[in-house]
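Visitor: Could you take me through one part of this protein up close? I'm new to this, so please go slowly.

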Amino acid sequence: MLDIGWGLIYNILVTMDKMTFMRLWDLYHGILTPTQQEITDLYFNYDLTLSEIAERKGVSRQGVSECLAKCKNQLKEYEGKLGLEKMLTEGDLYASFMRTDASRWADAFLQLHPEYAADINELQQILNKDYAQEIDSAIKNKKQGKK
């Protein structure tokens, strides 16, 4: 059995907690107060310590710690009520599972019908394409009121 140690497990859990919080922060930080937004931004996006934030903001380290704890609870409450992170995660997983199933089907179909290799190859290219540029363009066009 692999012995990875409790320190590593703790670090993994802390990292996962930060990642979850950052996803919620990305979705809901606009609902936080400007001070809360700044403190959470400094902590999670700029990796400043509690002491560094306290010094920068002219407050106690305890005050920063309490602010972060309160923000975490607020963001969890917002998620509980609005469910945006859950919807996004489910949508991501749905698309991933669908893409995987379609790719597996195409591989199996190709084994049975090699005469369709060119068409299956085209389908695989579509399934594996990175749509980041198209997504960015669609978002920009929507913001600008274009279709």
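Visitor: Which residues in H5 meet which residues in H6?

Guide: Before we zoom in, remember that this is a predicted model, where local features need pLDDT of at least 70, side-chain atom pairs count only at pLDDT 80 or more, and totals for chains, interfaces and linings use all residues. Residues are numbered from 1 along each chain as its sequence is written, and side-chain values use heavy atoms, with hydrogens and water left out.

Now to your question. On the H5 side you'll find Arg99, Ala102, Ser103, Trp105, Ala106, Asp107, Phe109 and Leu110, and they meet Ala117, Ile120, Leu123, Gln124 and Leu127 in H6. Contact here means heavy atoms within 4.5 Å. Sorted by type, the residues of this contact are 9 nonpolar, 2 polar and 2 charged. Nonpolar covers Ala, Val, Leu, Ile, Met, Phe, Trp, Tyr, Cys and Pro, charged covers Asp, Glu, Lys and Arg, and the others, Gly among them, are polar.

How do the two helices lie? Helices (H or I, at least four residues) are DSSP runs, numbered from the N terminus. H5 spans residues 84-112 and H6 spans residues 117-128, and their axes come within 10 Å and cross at roughly 165°. That makes H5 roughly antiparallel to H6, a label for angles over 145 degrees. The axes are lines fitted to C-alpha atoms over the stretch in contact, with angles from 0 to 180 degrees between N-to-C directions. H5 also passes H6 in a left-handed crossing, where the near helix is turned anticlockwise from the far one by less than a right angle.

Notes
Parallel < 35°, antiparallel > 145°, perpendicular 65-115°, else oblique.
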